[in-house]
There are 2 protein chains.
Amino acid sequence: MSDNTTTFMPPGSASELEQGRALTPKFDADGLVTCVATDVATGEVLMVAHMNAEALAKTIASGEAWYYSRSRRALWRKGETSGHIQRVVEMRVDCDQDAVWIKVTQVGAGACHTGRRSCFYRRVPLGAEAAGKELVFDPGERAFDPDVVYGG
Amino acid sequence: MSDNTTTFMPPGSASELEQGRALTPKFDADGLVTCVATDVATGEVLMVAHMNAEALAKTIASGEAWYYSRSRRALWRKGETSGHIQRVVEMRVDCDQDAVWIKVTQVGAGACHTGRRSCFYRRVPLGAEAAGKELVFDPGERAFDPDVVYGG
């Protein structure tokens with residue numbers, strides 16, 4: 001867990017969080033906020049990930065996306081291995097300041113470590129009869145070969 | 001915490017989660033996945049919220065968005081008070097199946113309980129000198145009066 005108090009002021013009341021002009025992120029028990037990254041050109045959701053205070057501060061200061069990997073428990077500059085960095089065109093924060101939305105220019109072939117442009121490469125069938133139906137790969141093809149990009 | 005095993009099969013290996021055709025959501029310790037709702041017409045992120053197994057199953061079956069309110073610890077049909085329901089046009093799941101993305105038709109004036117169309121009504125200034133700078137309300141005006149819609 002990060003010492004988030006060094007970078008951002010702690011959140012105030014609900015009214016201050018929602019109506020205020022101060023960025024006081026409401027980090028969860030693990031010190032994280034949710035981040036949604038969309039493609040600034042297409043509006044497509046590329047990925048959902050997390051930021052700790054350091055990742056959020058670095059993203060704001062640098063204009064490139066930094067995240068915090070929960071599985072690796074480490075700060076993570078998006079694209080540090082793949083070269084598929086994200087240039088942040090705009091950042092927004094939600095009403096209760098526990099989520100941020102970044103509109104990015106995705107550099108390289110894609111955002112997803114599986115080789116797709118977006119992590120959301122499967123559609124979920126909807127409707128009363130949809131329970132248990134198979135996911136649909138859409139698009140069906142990878143945008144890049146992760147074994148090549150990540151060195152196998 | 002919900003008994004999620006009654007509705008969805010438990011997640012398998014990383015490979016099965018990422019490359020499989022079965023929806024086996026990776027619920028967190030609280031039994032929740034993250035849900036991003038975007039406006040199907042504009043691509044705008046309307047809100048980020050959470051679904052437990054029941055909310056996810058109801059959303060899939062009904063084609064209308066159901067969430068789980070962490071603060072109220074209750075299943076929550078979006079729009080049940082405001083009338084601002086969300087019709088789900090498409091649902092997608094991400095690589096590790098701990099987040100879903102729904103493209104919705106937002107009924108009514110907005111998705112946010114503060115009276116805005118989107119919960120992300122404030123921009124965060126970016127750049128090396130941005131730390132501590134004030135958030136920018138954009139748009140500046142509310143889309144509806146929450147006191148009227150939610151009965152004060």
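In the predicted model, an open sheet is built from 6 strands in the order β8(A)-β7(A)-β5(B)-β6(B)-β1(B)-β2(B). Its pairing is mixed. Two strands form the edges, β8 (136-137) of chain A and β2 (45-51) of chain B, and each of them pairs on one side only. Within the sheet, β5 (residues 86-93) and β6 (residues 99-106) of chain B run antiparallel and are joined by 7 bridges. Here B:Arg87 lies opposite B:Thr105 of β6(B). Helix α2 (residues 53-62) of chain B packs on the sheet. The helix touches β1 (33-39), β2 and β5 of chain B. Its direction makes about 125 degrees with that of β2(B).

Strand pairing also links β5(A) to chain B. The partner is strand β7 (residues 122-123) of chain B, and the two pair in the antiparallel sense over 2 bridges. A:Val93 has B:Arg122 of β7(B) as its bridge partner.

A separate hairpin occurs in chain B. Strands β3 (residues 66-69) and β4 (residues 74-77) of chain B run antiparallel, with 4 bridges between them. B:Ser69 stands opposite B:Ala74 in β4(B). The hairpin has 4 residues between its strands. B:Arg73 takes a positive phi there, near 50 degrees.

The contact between the chains draws 36 residues from chain A and 36 residues from chain B. On the side of chain A that touches chain B, at least two residues each come from β1 (33-39), β2 (45-51), α2 (53-62), β5 (86-93), β6 (99-106) and β7 (122-123) of chain A. β5(A) gives the most, with 5 residues. By type, this side of chain A divides into 22 nonpolar, 6 polar and 8 charged residues. Of the interface residues of chain A, 100% are also interface residues in chain B, so the copies meet through the same surface.

The largest nonpolar core has 72 residues. Those with the most contacts inside this core are A:Val36, B:Val36 and B:Met51. Leaving aside residues up to four places away in sequence, A:Val36 touches A:Val45, A:Val48, A:Ala99 and A:Trp101 in chain A.

Note on methods
Residues are numbered from 1 along each chain as its sequence is written. Chains are lettered from A and ligands numbered from 1 in the order in which they are written. This is a predicted model: local features need pLDDT of at least 70, side-chain atom pairs count only at pLDDT 80 or more; totals for chains, interfaces and linings use all residues. Two strands pair if DSSP finds at least two bridges between them. Two residues are in contact if their C-beta atoms, placed from the backbone, lie within 7 Å. Ala, Val, Leu, Ile, Met, Phe, Trp, Tyr, Cys and Pro count as nonpolar, Asp, Glu, Lys and Arg as charged, and the others, Gly among them, as polar. A nonpolar core is a set of buried Ala, Val, Leu, Ile, Met, Phe, Trp, Tyr and Cys residues joined through C-beta atoms within 7 Å. A residue is buried if 20 or more other C-beta atoms lie within 10 Å of its own, exposed if 12 or fewer, and partly exposed in between; C-beta atoms are placed from the backbone. Axes are lines fitted to C-alpha atoms, for helices over the stretch in contact, and angles run from 0 to 180 degrees between N-to-C directions.
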